[in-house]
Amino acid sequence: FAIFEDEKLKIINNYRNRNVPTQHYINYVEEWAKQNNIEKRYITLVLPQDSRNIIDANRYLTSREEFWRTAGFNVVTLNHIGVLRGIEITRTAIETHDLQFVDNNNVRNFVAIIKAYEWKTSPNGDIIYVPKHGTGFAASNDADSLEYMNIAFFLDKYEKSIQTESGVIIN
């Protein structure tokens with residue numbers, strides 16, 4: 001969960017779970033909004049590009065994107081962009097302090113999870129730089145959610161300035 005104010009994206013809460021239906025997350029967000037006196041119309045969910053294709057069961061089979069819309073939320077579904085580009089947008093947001101983390105237990109736990117990000121290793125122990133997805137409670141899902149928010153809020157701002165160490169603009 002984040003708020004966007006004064007051109008800054010501020011992480012204010014995090015919730016993680018696994019092997020539960022989308023309705024579980026909708027219920028969680030609705031309850032959180034109720035406790036914080038925030039109307040649904042002020043909440044926008046940022047979903048990855050595959051949410052148009054991932055199917056959930058509501059009253060009928062529907063995309064995850066449509067499931068959230070039907071529940072009354074504003075939804076932004078990202079277009080696909082390259083992995084390195086998404087990482088650079090997030091890195092730039094952190095370095096320029098456009099991405100900020102509110103100091104509370106929930107956000108501290110989120111940061112600890114991100115720091116526990118794991119990479120696959122080769123049989124001889126070398127890091128392959130492919131994230132471990134879906135292993136236990138993998139940090140890659142949390143890192144992806146952070147990346148999606150940064151893409152949604154900062155892609156246009158950083159588009160021209162993101163470069164690799166070699167000076168090549170990532171498109």
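I take helices (H or I, at least four residues) and strands (E, at least two) as DSSP runs, numbered from the N terminus. The model is predicted, so I use local features only at pLDDT of at least 70 and side-chain atom pairs only at pLDDT 80 or more, while totals for chains, interfaces and linings use all residues. Residues are numbered from 1 along each chain as its sequence is written, and side-chain values use heavy atoms, with hydrogens and water left out.

**Entry 1: salt bridges**

I looked up charge pairs first. Side chains of opposite charge can pair when their charged atoms come close. My cut-off for a salt bridge is a side-chain nitrogen of Lys or Arg within 4 Å of a carboxyl oxygen of Asp or Glu. The structure holds ten of them.

I began in helix α2 (residues 64-70), where E65 and R69 sit four residues apart, about one helical turn. E65 and R69 form a salt bridge, with the closest N and O atoms 3.3 Å apart. For accessibility I call a residue buried under 20% relative accessible area, exposed over 50%, and partly exposed in between (1.4 Å probe, protein chains only). E65 is buried at 14% relative accessibility. R69 is partly exposed at 36%.

Next I checked R41. Its salt bridge partner is E39, and the closest N and O atoms are 2.6 Å apart. R41 is exposed at 52% relative accessibility. E39 is partly exposed at 43%.

**Entry 2: D98 and K8**

What does the salt bridge between D98 and K8 tie together? I found the closest N and O atoms of D98 and K8 3.2 Å apart. D98 lies in the loop between α3 and β7, and K8 lies in strand β2 (residues 8-11), so the pair ties together parts that are 90 residues apart in sequence. D98 is buried, at 5% relative accessibility. K8 is partly exposed, at 23%. I also noted a network of salt bridges that links K8, D98 and K157.

**Entry 3: helix α3**

I then turned to helix α3. It covers residues 83-95, 13 residues in total, and reaches 18 Å from its first C-alpha to its last. That is close to the 18 Å expected at 1.5 Å a residue. I get the expected span as 1.5 Å times one less than the number of residues.

Which residues of α3 are buried? I list R85, G86, E88, I89, T90, T92 and A93. What covers these buried residues includes β7 (99-101) and α5 (140-158); contact here means heavy atoms within 4.5 Å.

Last, I looked just past the end of α3. There H97 takes a positive phi of about 65°.
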